[in-house]
Amino acid sequence: MEIILALLFLAFVSATLIAVGRYQRLVSEAREEARTLQRQLESCRESLRHGESILVYVLANASDAIVITDNDRQIIQYSPRAAELFEMPSEKALGRRFIEVAMDTELDRLLRSCLDSRSSQSQSVRLGLSHK
């Protein structure tokens, strides 16, 4: 009986050591995966910073008016040329709905159509601006 108990105890200890070894290996693998994901995340952040700096440069130096909106047509980026065209500084335009700044229903309809279809469209629109 004592031999059977001793053998059962040894089997239990062996199984526990095997489980601990597997656990430690899994923890080690999870830590390595976390380090890999952290490196990938930092790389994505760096790419995003680079892309944002390019966007800032393009907006600041574009000869055309550029207005970037979200899907609700709220302005999230606005070039200096757009500020001139719409006679509204970017500090005042950012966060507003496009129609409030453009004051042109045809232009707003074109934007809405582009957002709804998720495609670019081209159309001539004569602006009759008068914000003053």
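Tutor: A patch joins residues with over 30% relative accessible area and no salt bridge, like charges within 9 Å and nonpolar side chains (Val, Leu, Ile, Met, Phe, Trp, Tyr) within 5 Å. A salt bridge puts a side-chain nitrogen of Lys or Arg within 4 Å of a carboxyl oxygen of Asp or Glu. Areas are Shrake-Rupley values with a 1.4 Å probe, and for residues only the protein chains shown count as cover. The model is predicted: local features need pLDDT of at least 70, side-chain atom pairs 80 or more, while totals for chains, interfaces and linings use all residues. Numbering starts from 1 along each chain as its sequence is written, and side-chain values use heavy atoms, without hydrogens or water.

Start with the patch. I3, L7, F9, L10 and F12 form a nonpolar surface patch. Together they have about 600 Å² of accessible area. L7 sits in helix 1, residues 2-61 (helices are DSSP runs of H or I, at least four residues; strands are E, at least two; both are numbered from the N terminus). Its relative accessible area is 53%, so L7 is exposed (buried is under 20%, exposed over 50%, partly exposed in between; 1.4 Å probe, protein chains only).

Now I66. I66 lies in the loop between helix 1 and strand 1. I66 has 23% relative accessibility, so it counts as partly exposed. I66 and F86 are 20 residues apart in sequence. Their C-alpha atoms are 11 Å apart in space.
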